[in-house]
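Me: I have a structure to go through with you. Can you take some quick questions on it?

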Amino acid sequence: MRKIITVSREFGSGGRELGKRLSDILGIEYVDGEIASELAKLTNLDGDYIGKQLENGICGFQPVYARSFSRVSQSSGTAMLLASQHKVIKEIAAKKDCIIVGRGADAVLAGLNPFKIFVYADMPSKIMRCRSRCADGENPSDRELERKIKEIDKARKTTHGVYSTRVWGDKEGYDLCINTTEVVIGEIAPLVAEYARTFFKNN
């Protein structure tokens, strides 16, 4: 059985840091960079452009019947990028154990029974984490950061709904939900790693 961990997360909740720390502790490869590289090769598009398009997601789309890309306009560049990204994710997971943050990997790899984590936090904590990562000279207001966080999370939820019957963020769709409000990610990572070891042992 492949050891695959997917980390879905609210923007600013620390999910990416948790994924990297789990990679160090468990010795399972964190493949975010590899996915981006392979996707750029597959599509012949600039990496920055791909990142921005996928971050925006498929906004305003409401799937009606089967959760698939067939309901998305064929002219949608984002839909095509998502389909290509899913192909890359499946190919990587078929070859090796890995940790994938975001990218809808929990739904894309459902057939491989990954250990699915969802990371969330209250808004003040997310604003604080986002502010700590602002580039030098940037000083957005709390209101601006909150608006950005809500926009990104809405896009993630909408896009996830295109290809999964599970609701993004609903505890029923995950093996472990973690509230990182006022939590130091480095302190809880070893505990989460031990939980993951138990999951893989039992499965």
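Me: Is Ser 8 buried or exposed?
Reply: Buried, because its relative accessibility is 5%. Buried means under 20% relative accessible area, exposed over 50%, partly exposed in between (1.4 Å probe, protein chains only). This is a predicted model: local features need pLDDT of at least 70, side-chain atom pairs pLDDT 80 or more, while totals for chains, interfaces and linings use all residues. Residues are numbered from 1 along each chain as its sequence is written, and side-chain values use heavy atoms, without hydrogens and water.

Me: Where does Ser 8 sit, in which strand?
Reply: In β1, residues 4-9. Strands (E, at least two residues) and helices (H or I, at least four) are DSSP runs numbered from the N terminus.

Me: What is Ser 8 in contact with, leaving aside neighbours within four places in sequence?
Reply: Asp 106, Ile 117, Phe 118, Val 119, Trp 168 and Tyr 174. Contact means heavy atoms within 4.5 Å.

Me: New topic. How many disulfides?
Reply: 0. The rule is a pair of cysteine sulfur atoms within 2.5 Å.

Me: Now helices α6 and α7. At what angle do their axes cross?
Reply: Roughly 100°, coming within 10 Å. Helix α6 is residues 123-132 and α7 is 142-163. Axes are lines fitted to C-alpha atoms over the stretch in contact, with angles from 0 to 180 degrees between N-to-C directions.

Me: Which residues of α6 make the contact?
Reply: Met 123, Lys 126, Ile 127, Cys 130 and Arg 131.
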